[in-house]
Amino acid sequence: MYFGGYYKITCHLKRLIILIFVPLLLGCSKQSEDHPVFKYYPPDDVFEEGYASKFYTHYLPKNTDGTKRTRINYSVYEKTGIDKYTARFYNAGFELTGQRYYSIVGTSMRLDSGMRIWRADTTIADIRKPFLQDFINNEDVVFEEVFESNGKIYKEVDTQLSVSDTIISGIAGKILKSKAVIKDHELDSIVNQYVSESYYLEELGYYGGKRIYDESTYQTELIEQMPLSKFEKLSNHNKRRVAYIDPENTISDDADFKICGHETRIADYYNSTPDGRYLHSKQAMLDTIYSNLDKAKLFDQSGRLVFRFVVNCEGKAGRFVVDGYDLNYQPIEFRQETIDHLYGILQKLEDWRSVTTRNEARDAYFYITFNIDNGEIIDILP
């Protein structure tokens, strides 16, 4: 099975003693390694089986007074032929939001067809020029499609600006930059435009990127990769959402914590305008964390330590659980002293703004992620 980054490591160490520990189904695909495009995707045996990537997408307004937001989304990839693959896109609730069918022609990625789903309406893209990205050359890489959104017809034209080599976390990859112009198809007037950057890493796939608008940036980062079978189990559980926190298995003392509504009606922190968040601003939250932080208790660990919890309709937090991931997005265990220390700091954050939908305060799932590198906190999300 393929879990982000793990395949690459085992593939390069295959002739070493790591062979003792690697399941036989992990093989190095020569075709993918040599292919000018597919070398930047997982190997064929993984790709053909199908895999899912989980992403955070951060909304970063250029106005420093604006509210930052983070969304969760998933992409599922399956190779369907020698030079073809599909991608399906899902929101945090595992609802399908779109699907695209790609083919590889030489060194270029071509979009053959695609559709979007918005509020139960499905729209099919009218693709006028299909070449989306080229992993080697920039010449004549222009993509054009006409699509419908909210009852209006738009035309989008993407022009590739550059392609360059890069290394991220020690893995070779490509950065592809392009400029997109979106016009009102009837009036031929510009309604939006942005510059995008897409990052692809060898044997890993799409790693993330940016869409840079005049007033904001959307930044996407890979958080986890999983086999398609795991994704299907999560998305088709039919009983509980993947965000569900079992009140009988938490690290917190929840004797005095009560949710206001039914278990099935717990929302997500971003199901509100504005989002649910720490009441005294993100900066106030960071000030509290760093002023109480004992760096010695982080030791020399690296990875992501994720605390998930529920904030009820009264703005009280409870039902804390914790998960750890290494830099290759694999589950790991952080030292208990580190977990206890950071959890103790989070208990000092007592004031939360609950989620409100249709003028009703609701319970919601929240999370705080500590990105740690060699005993240093390098970022706190969201």
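Is Arg-319 buried or exposed? In this predicted model, where local features need a pLDDT of at least 70, side-chain atom pairs count only at pLDDT 80 or more, and totals for chains, interfaces and linings use all residues, the residue turns out to be buried, with a relative accessible area of 9%. Here buried means under 20% relative accessible area, exposed means over 50%, and partly exposed is in between, computed with a 1.4 Å probe and protein chains only. Residues are numbered from 1 along each chain as its sequence is written, and side-chain values use heavy atoms, with hydrogens and water left out.

The protein averages a pLDDT of 85, and 88% of the residues score at least 70; pLDDT is the predictor's confidence in each residue, from 0 to 100. Over residues 1–29 the pLDDT stays under 50. For that stretch the model has 56 contacts beyond four places in sequence, a contact being heavy atoms within 4.5 Å.

Turning to the overall fold, the protein has 6 helices and 23 strands. These elements are DSSP runs numbered from the N terminus, with helices (H or I) of at least four residues and strands (E) of at least two. Of the 382 residues, 49% count as buried. The protein exposes about 19800 Å², of which carbon and sulfur atoms supply 49%; accessible areas come from the Shrake-Rupley method with a 1.4 Å probe, and for residues only the protein chains shown count as cover. Among contacts between residues at least 6 apart in sequence, 56% join residues at least 24 apart.

Strand E1 (residues 51–61) runs antiparallel to strand E2 (residues 69–81), and 9 bridges join the two. Within this pair, Ser-53 has Ser-75 in E2 as its bridge partner. E2 in turn is joined to E3 by 8 bridges, again in an antiparallel arrangement, and a hairpin connects E2 to E3 through 2 residues. Val-76 stands opposite Arg-88 in E3.

Most residues other than glycine have a negative phi, and most peptide bonds are trans. Arg-319, in strand E17 (residues 317–325), has a positive phi near 55 degrees. Glu-203, in the loop between strand E11 (189–201) and E12, has a positive phi of about 60 degrees although it is not a glycine. Glu-203 counts as buried because its relative accessible area is 8%. In the segment after strand E23 (376–381) lies Pro-382, which a cis peptide bond joins to Leu-381, with omega of about -5 degrees.

Another region worth a visit is built around Phe-334 and Arg-304. Phe-334 lies in the loop between strand E18 (331–332) and helix H6 (336–346), and counts as buried because its relative accessibility is 7%. Leaving aside neighbours within four places in sequence, Phe-334 is in contact with residues including Gln-301, Arg-304, Leu-305, Tyr-325, Ile-339 and Ile-372. Phe-334 and Arg-304 are 30 residues apart in sequence, with 9.2 Å between their C-alpha atoms. Arg-304 belongs to strand E16 (residues 303–311) and is buried at 12% relative accessibility. Not counting residues up to four places away in sequence, Arg-304 touches Glu-221, Ile-223, Asp-323, Asp-326, Phe-334 and Phe-370, among others. The C-alpha atoms of Arg-304 and Ile-223 are separated by 9.3 Å, although these residues are 81 apart along the chain.

At the surface, Leu-161, Val-195 and Ile-212 form a nonpolar patch with about 210 Å² of accessible area together. Ile-212 lies in strand E12 (residues 205–212) and counts as partly exposed, at 30% relative accessibility.

Key:
Pairing = 2+ DSSP bridges. Patch = residues over 30% accessible without salt bridge, like charges linked within 9 Å, V, L, I, M, F, W, Y side chains within 5 Å. Salt bridge = Lys/Arg side-chain N within 4 Å of Asp/Glu carboxyl O.
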